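Keep the 3D view open as you read.

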Amino acid sequence: MKVAFATEDGVLVNAHFGQSPMFTVFEIRHSGVQFLEHRRIALGSDENEAGKIASRIGLIEDCALIFLVQIGASAAAQVTKRTIMPVKVAFGSTIEEQVQRLQNMLARNPPMWLAKILHAEEGSGKVES
């Protein structure tokens, strides 16, 4: 599954969804983790609130999870409508730490929310183990 992290520097989860200048994206599988890319917000896409949200959702629409420090109610509703689950973490958590925690959950008995995501992706043919 693809997982995005709201970040200002590509190292820490340190951004609010609506102000994040980029998202760092990983592919996380039972068999391992692969860094995919840094997806940056295009200049001029932040003209208004709707543009901020739409441009960011467009960058992560292929992801199952978005790790962030904060997200507004309107953005959260739009993100979840696209079947992307927002996951709030402490400001300044490292992306590496969050990737490791997620991989550990996959290796053990995943919590119900994560099992649902995995089941949905397996049903659509998106996940490889």
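Strands E1 and E5 (residues 65–68) run parallel and are joined by three bridges. This is a predicted model, by the way. On its other pairing, E1 is linked to strand E3 (residues 22–29) by six bridges, and those two run antiparallel.

Now for the packing. In soluble globular proteins, nonpolar side chains tend to be buried together. Here the largest nonpolar core has 19 residues, and the members touching the most others are Met-1, Val-3, Phe-5, Leu-65, Phe-67 and Leu-102. E1, E3, E5, helix H3 (95–107) and helix H4 (112–124) each give two or more residues to this core, with H3 supplying the largest share, four residues.

Have a look at Leu-102 in particular. Setting aside neighbours within four places in sequence, Leu-102 is in contact with Met-1, Val-3, Ile-28, Leu-65, Phe-67 and Leu-114. There's also a second, separate core of 18 residues, with Ala-6, Phe-17, Cys-63 and Ile-84 among them.

Last stop: Ser-74, which sits in helix H2 (residues 73–81). Ser-74 is partly exposed, with a relative accessible area of 44%. Its C-alpha atom is separated by 29 Å from that of Gln-103, 29 residues apart along the chain.

Conventions: Residues numbered from 1 in each chain as written. Predicted model: local features only at pLDDT ≥ 70, side-chain atom pairs only at ≥ 80, totals over all residues. Heavy atoms only, no water. Buried < 20%, exposed > 50% of the residue type's maximum accessible area, 1.4 Å probe, protein only. Pairing = 2+ DSSP bridges. Core = buried A, V, L, I, M, F, W, Y, C linked by side-chain atoms within 4.5 Å. Contact = heavy atoms within 4.5 Å.
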